[in-house]
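Biologist: I would like to learn how to read a few features of a structure like this one. Could you walk me through it?

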Amino acid sequence: MTATDVFKEKWAGIRQWVKEQWGDKITDADLDQVAGQREQLCHLLSEKCGLSERVANQEINKALDSITWQSPFV
């Protein structure tokens with residue numbers, strides 16, 4: 001399974017995590033456009049939340065780690 005596959009598989013959990021972290025800046029419509037694509041989410045976090053691309057990637061990695069260890073069913 002590639003990293004892209006893992007990201008898409010965990011998209012529902014990642015989407016929820018993004019809404020919890022930055023729901024005041026990122027809308028459901030924004031997340032609909034991302035549609036499980038990591039690079040687009042990284043760009044969105046950078047654009048809407050003022051994060052650098054590096055920090056956005058780190059945040060996404062934290063979310064993936066947290067989702068992976070919370071439940072195998074997410």
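Biologist: Let's start with position: in which helix is the place of Asp30?

Modeller: Keep in mind that this is a predicted model. Asp30 sits in helix H3, which covers residues 28–34.

Biologist: Is Asp30 buried or exposed?

Modeller: Burial is judged by relative accessible area, with under 20% counting as buried. Asp30 has 12%, so Asp30 is buried. Leaving aside residues up to four places away in sequence, Asp30 touches Lys25, Leu44 and Lys48.

Biologist: What about backbone angles: what is the phi of Ala35?

Modeller: Most residues other than glycine have a negative phi. Ala35 is not a glycine, yet its phi is positive, about 45 degrees. Ala35 lies in the loop between H3 and helix H4 (38–49), and Ala35 is partly exposed, with a relative accessible area of 44%.

Biologist: And in H4, how exposed is Glu39?

Modeller: Over 50% counts as exposed. Glu39, a residue of helix H4, has a relative accessible area of 71%, so Glu39 is exposed. The C-alpha atoms of Glu39 and Glu53 are separated by 9.4 Å, with the two residues 14 apart along the chain.

Biologist: How do I check the length of a helix, say what helix H2 should span?

Modeller: The expected span is 1.5 Å times one less than the number of residues. Helix H2 (residues 11–22) has 12 residues, so H2 should span 16 Å, and its end C-alpha atoms are 16 Å apart, which agrees.

Biologist: Which residues of H2 are buried?

Modeller: They are Trp11, Gly13, Ile14, Arg15, Trp17, Val18 and Trp22.

How values were computed
Residues are numbered from 1 along each chain as its sequence is written. This is a predicted model: local features need pLDDT of at least 70, side-chain atom pairs count only at pLDDT 80 or more; totals for chains, interfaces and linings use all residues. Side-chain values use heavy atoms; hydrogens and water are left out. Helices (H or I, at least four residues) and strands (E, at least two) are DSSP runs, numbered from the N terminus. Buried means under 20% relative accessible area, exposed over 50%, partly exposed in between (1.4 Å probe, protein chains only). Contact means heavy atoms within 4.5 Å.
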